[in-house]
Amino acid sequence: MDEWEKIEYKPIPVRALLVEMKNLSELMIDLAYSSALFHSYELAEDVLELEKKVDNLALLLKMNIMIAARDAKDAEDLLGVSLVSSSADKISDAAADIAYIVLHGIGIHPAVREAFERVEERLGRFQVKQNSILASKKLKELRLASRIGVDIIAIRRGRDWIIDPKGSDKILQGDVLIARGAPAGIDELKELAQGTSRELED
Amino acid sequence: MDEKHFKKIVDALVELKDTSELMLDLAYSSIILNSPELAREVQELEEHMDDLHTRFELLVLSSGFTPEESKDFLGLIRLGVVTEEIADAAAKMGEVVLRRLKTHPVLKLAVEEAEETVTSAIVSEESILNGKTIKEARIADETGMWILAIRRGKRWIRPKPSTRIEAGDVLIASGYAEGEEDFKRLASGH
């Protein structure tokens with residue numbers, strides 16, 4: 001059995017907790033599907049780590065809601081917040097279930113790969129080549145989300161992983177990018193990473 | 001397993017995954033826009049998911065696999081369960097609006113502030129989207145935002161590639177927060 005982390009009340013704004021839970025739960029789903037698609041144990045393990053984090057956030061959020069409610073009206077108003085937070089928690093559990101499939105070698109049927117080439121939101125994994133214009137740029141300089149509708153959800157650098165990289169994170173030559181987005185954007189990213197396209201339109 | 005059966009399984013899995021994620025986006029939209037119609041759409045999709053999931057499981061189980069292949073097929077079943085779990089979570093979230101709970105300002109702000117957000121915009125006469133089909137408009141490629149639903153007068157339309165966008169339509173879209181401004185500009189025409 002894993003160690004259980006002691007949980008202690010911290011005064012964190014409910015809004016901040018909820019934003020983080022929403023972001024993490026959605027990121028986890030994409031990471032989990034990526035771990036299945038690209039047979040990555042590391043990504044699957046990260047998903048399980050994040051799941052623990054979301055569990056903690058959910059408990060902190062519950063405590064903060066309890067303190068915020070002074071009367072029946074507050075309680076009614078905050079019930080919606082509580083429902084949304086448990087939904088985000090459920091979603092992170094679902095992501096962990098995918099990670100479990102990967103980590104326990106249950107098997108990824110060829111139909112899964114086929115299906116992932118047809119879903120609306122695509123996942124892609126590309127290595128950044130030497131002559132790629134992505135190399136040595138910060139994510140916020142590249143603005144991939146607004147320019148090509150693609151979000152980098154993880155970067156593998158050698159044996160290290162950067163999960164949910166921030167704008168200040170720099171892409172280096174040799175990095176492996178895990179991205180999700182619209183099909184055309186994913187294709188564009190592939191060409192940019194390989195260096196076959198060196199243009200990034202505004 | 002013959003090719004036809006394989007294709008059916010792939011089709012069902014694609015629909016399960018896309019529907020579960022659409023439900024999630026619609027559920028968040030229903031909260032931001034305080035829209036019982038959208039929340040009801042989520043509940044209807046949940047029923048559709050249940051049917052779809054059963055059909056998917058039957059397809060997988062009737063594939064005639066060997067004992068060696070059973071692990072791969074178990075993986076398929078489990079993935080189906082995951083999409084169902086996500087759909088349940090979305091349906092639960094839609095309840096916030098259906099139970100007429102007041103959308104707490106914190107909730108609205110949290111959804112709007114998140115990395116992936118939902119938003120709406122009215123298509124103006126001069127918008128380049130006016131008169132284009134969803135496919136021609138290439139909104140996802142241009143802005144990274146997906147059209148989830150269209151409100152035309154009192155009707156809700158689930159967009160298909162062939163759906164034509166008209167002036168006055170309210171487009172409900174989800175995507176990365178960075179694309180929101182571009183999306184609003186496309187719709188307003190300036």
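Chain B of this predicted model contains seven helices and four strands. Read from the N terminus, the elements of chain B follow the order α-α-α-α-β-α-α-β-β-β-α.

| Property of chain B | Value |
|---|---|
| Span of the C-alpha trace along the principal axes | about 60 × 40 × 30 Å |
| Residues counted as buried, of 190 residues | 48% |
| Contacts joining residues at least 24 apart, among contacts between residues at least 6 apart in sequence | 79% |

**Domains of chain A**

Chain A is described here through its domain organisation. Domain 1 of chain A covers residues 14-103, and domain 2 of chain A covers residues 121-194. Taken over C-alpha atoms, the centres of domain 1 and domain 2 of chain A are separated by 25 Å.

The two domains of chain A touch each other: 10 residues of domain 1 are in contact with nine residues of domain 2. On the domain 1 side of this contact, the elements of chain A giving two or more residues are helix 1 (14-37) and helix 2 (41-68). Helix 1 of chain A supplies the largest share of that side, with six residues. By residue class, the side of domain 1 of chain A that touches domain 2 consists of six nonpolar, one polar and three charged residues.

Key:
Residues are numbered from 1 along each chain as its sequence is written. Chains are lettered from A and ligands numbered from 1 in the order in which they are written. This is a predicted model: local features need pLDDT of at least 70, side-chain atom pairs count only at pLDDT 80 or more; totals for chains, interfaces and linings use all residues. Domain bounds come from an automatic or database domain assignment. Two residues are in contact if their C-beta atoms, placed from the backbone, lie within 7 Å. Ala, Val, Leu, Ile, Met, Phe, Trp, Tyr, Cys and Pro count as nonpolar, Asp, Glu, Lys and Arg as charged, and the others, Gly among them, as polar. A residue is buried if 20 or more other C-beta atoms lie within 10 Å of its own, exposed if 12 or fewer, and partly exposed in between; C-beta atoms are placed from the backbone.
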